[in-house]
Amino acid sequence: MTTNAPTQNRARDLGAWIRRFQPAEDAAVRLVCLPHAGGAATYYFPVARALAPGIDVLSVQYPGRQDRRSEPVIEDVRALADLITAELRPWCDRPLALFGHSMGALVGYEVARRLQAEGIAPLGLFASGRRAPSTVRDEAVHRRDDQGIISALRELSGTGDEVLDDEDLLGMVLTAVRGDYKAVETYRADGGPVLDCPIQVLTGDSDEMTSPEENLAWERHTTAECRVEEFPGGHFYLSEQAPAVLASVRDRMSAWAAAPRHP
C-alpha cells in the first residue's frame, strides 16, 4: 500500500460505499467493481491486488452486508445506481471503466448511463454473467421462502457451503440476497439513452443464467463496439478463470484508454 498518497486521496478513501484495497496512485485508469446479488466489496480484493499498480481498482460496498449489514438493502437497481453515481463523482479525475458481475452488470450499466448523462464518459463497461437489460425472464426467487433462496444459491455455486450450512452466517446474508434478487428481478430497461462507450460481455459457457442470444443483445445498449468473450465454467466462472479474465480486463482497459476520446 502506498504510504505517501496525497491527502485528498486519503480523505476520499473514507466512506461507506467505496473500498480501495490496493491504492494505485500512479495508475492512468480506474476500474470500479460492482458485486453480484448477496455479494460484497471484498469479492474483488484479489482483483485489486492483481491489477495494481497499472489499474486503480475501486470496489463498491452495497448497504445490507458485512460492515453495512445494519443498513436497509436497496431493492431497486436504479435507486442503487443513483447513490453509487454520487459516490463516484470525486473519483472521476482519471478515465474510469466499470466491471459488474451478475446483478453488478445491471447496476454498472445504470451507473455508466448516469455518468454519461453528466458528461463523464466511461472508458467502457464489463458486463459479466448477466444477460442484456432488454432481455426479460419471468423469475421470482425473491418471493421464495428461505430454503428456496438457499437452493438457488447452491445451484449457482457462488456462496460457500461454510455459509449456507451455518445458520448464524446464513441469517446475516439472506436479507441482502432476497433484497438483491428483488432488485434484479423487478428491473426493466426503460428505453432511455444507451451508452456511447464499448461493452465487453464476459460469460461462462455453461452459465444457465444467460444464453448466447441474451449476451449478444447487449449490443442494443451501446452505440460503440460490443464484444462477447466466453470462458469455461458456469455462473461463477470468474473463480476458476481468474487469470484469463484479468488478462482480458487488462487488454481491454489498455485498448479503451488508447482509443480517441470524444468530448
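Me: How do the residues lining the largest cavity divide into nonpolar, polar and charged?
Reply: The model is predicted. Start with the general idea. Rolling a probe the size of a water molecule over the atoms shows where empty space is left. Here the lining of the largest cavity divides into six nonpolar residues, one polar and six charged.

Me: Which lining residues are closest to the centre of the largest cavity?
Reply: The lining has 13 residues, and the closest to the centre are Arg130, Thr135, Val184, Tyr187 and Arg188. The largest cavity holds about 80 Å³ of space. A search of the whole structure finds one cavity of 30 Å³ or more.

Me: Which residues have the most contacts inside the largest nonpolar core?
Reply: Ile84, Val107 and Trp218 do, in a core of 45 residues. Helix H4, residues 103-117, gives the largest share of this core, with eight residues. Apart from it lies another core, of 22 residues, including Tyr44, Ile55, Tyr237 and Leu238.

Me: What is Trp218 in contact with, leaving aside neighbours within four places in sequence?
Reply: Its partners are Ala105, Tyr109, Leu125, Ala127, Arg130, Arg131, Ala132, Pro133, Ile199, Val201 and Cys226.

Me: How many disulfides does a search of the whole structure find?
Reply: A disulfide is a covalent bond between the sulfur atoms of two cysteines. The search here finds zero.

Me: Are Cys33 and Cys226 buried or partly exposed?
Reply: Buried means under 20% relative accessible area. Cys33 has 1%, so Cys33 is buried. Cys226 has 22%, so Cys226 counts as partly exposed.

Methods: Residues are numbered from 1 along each chain as its sequence is written. This is a predicted model: local features need pLDDT of at least 70, side-chain atom pairs count only at pLDDT 80 or more; totals for chains, interfaces and linings use all residues. Side-chain values use heavy atoms; hydrogens and water are left out. A nonpolar core is a set of buried Ala, Val, Leu, Ile, Met, Phe, Trp, Tyr and Cys residues joined through side-chain atoms within 4.5 Å. Buried means under 20% relative accessible area, exposed over 50%, partly exposed in between (1.4 Å probe, protein chains only). Helices (H or I, at least four residues) and strands (E, at least two) are DSSP runs, numbered from the N terminus. Contact means heavy atoms within 4.5 Å. On a 1 Å grid over the protein atoms alone, a cavity is a set of points where a 1.4 Å probe fits but cannot get out, and a pocket is an open set with protein on both sides within 12 Å along at least five of seven lines; lining residues have an atom within 4 Å of a point. Grid points are joined across faces, edges and corners, and a volume is the space filled by probe spheres set on the points. Ala, Val, Leu, Ile, Met, Phe, Trp, Tyr, Cys and Pro count as nonpolar, Asp, Glu, Lys and Arg as charged, and the others, Gly among them, as polar. A disulfide is a pair of cysteine sulfur atoms within 2.5 Å.
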